[in-house]
Amino acid sequence: MARRRPNRRAIKLHYSYTSEEAARTLGVCKGTIRRMLKDGLPHLTDQRPYLILGADLRDFLTSRKKPKQRCELHQCFCFRCQEPKAAAGGMVDYMPRTALSGQISAICEDCGTIMHKAFSAAKLALLERRAEVSFPHGQPRLSDRGKPRGNDHFNKELQA
Ligand SMILES: [Zn+2]
């Protein structure tokens with residue numbers, strides 16, 4: 001099935017829809033509606049099947065229409081602010097998952113929510129120019145990489 005944009009204009013504001021009806025009205029598959037419910041689309045849960053108010057459905061789609069904003073290197077997407085945000089105090093934690101990549105965590109400078117994103121170890125040097133990166137689990141700083149280490153686990157990971 002071709003991906004189509006939900007047709008918001010087909011929604012009748014004073015109707016309530018089951019998820020099946022909502023899917024048909026919008027011209028999307030039922031999984032899309034399920035995902036929207038999970039993402040916070042308001043619905044009436046005191047009976048089954050759940051009912052979705054037309055007005056809620058329209059509002060939800062409208063609020064999601066914002067173009068996706070890309071995070072810059074030193075930013076993470078803040079789910080509360082719904083946009084890319086820089087780290088409070090310019091402080092970022094890097095938690096390695098493999099030798100090549102890991103996750104950075106930071107606190108949103110505006111609302112204090114903890115933000116995460118996957119990050120490539122190769123870009124850490126660039127990130128360090130824009131933020132203060134710390135390695136909470138005692139992982140070596142970049143300058144220490146490449147030196148022989150007596151750590152079996154680390155060596156095994158490199159060979160794998
Ligand atoms: Zn925020």
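Two strands are said to pair if DSSP finds at least two bridges between them, and strands (E, at least two residues) and helices (H or I, at least four) are DSSP runs numbered from the N terminus. The model shown is predicted, so local features need pLDDT of at least 70 and side-chain atom pairs count only at pLDDT 80 or more, while totals for chains, interfaces and linings use all residues. Residues are numbered from 1 along each chain as its sequence is written, and side-chain values use heavy atoms, with hydrogens and water left out.

**View 1. The hairpin of strand 3 and strand 4.** Strand 3 (residues 75-78) and strand 4 run antiparallel and are joined by four bridges. Cys78 stands opposite Glu83 of strand 4, and among the four residues between the strands, Gln82 takes a positive phi near 60°.

**View 2. Aromatic pairs.** Rings of Phe, Tyr and Trp (its six-membered ring) pair if their centres lie within 6.5 Å, and planes under 30 degrees apart count as stacked, over 60 as edge-to-face and the rest as tilted. The structure holds three such pairs, including the edge-to-face pair of Phe77 and Phe79, with 5.2 Å centre to centre and 70° between the planes. Tyr94 and Phe135 also form an edge-to-face pair, at 5.9 Å and 75°; this pair links distant parts of the chain, 41 residues apart, with Tyr94 in strand 4 (residues 83-96) and Phe135 in the loop between strand 7 (132-134) and helix 5 (152-159).

**View 3. A charge over a ring.** Lys12 lies over the face of Tyr15, at 5.3 Å from the ring centre, where the criterion is NZ of Lys or CZ of Arg within 6 Å of the ring centre and within 35 degrees of the ring normal.
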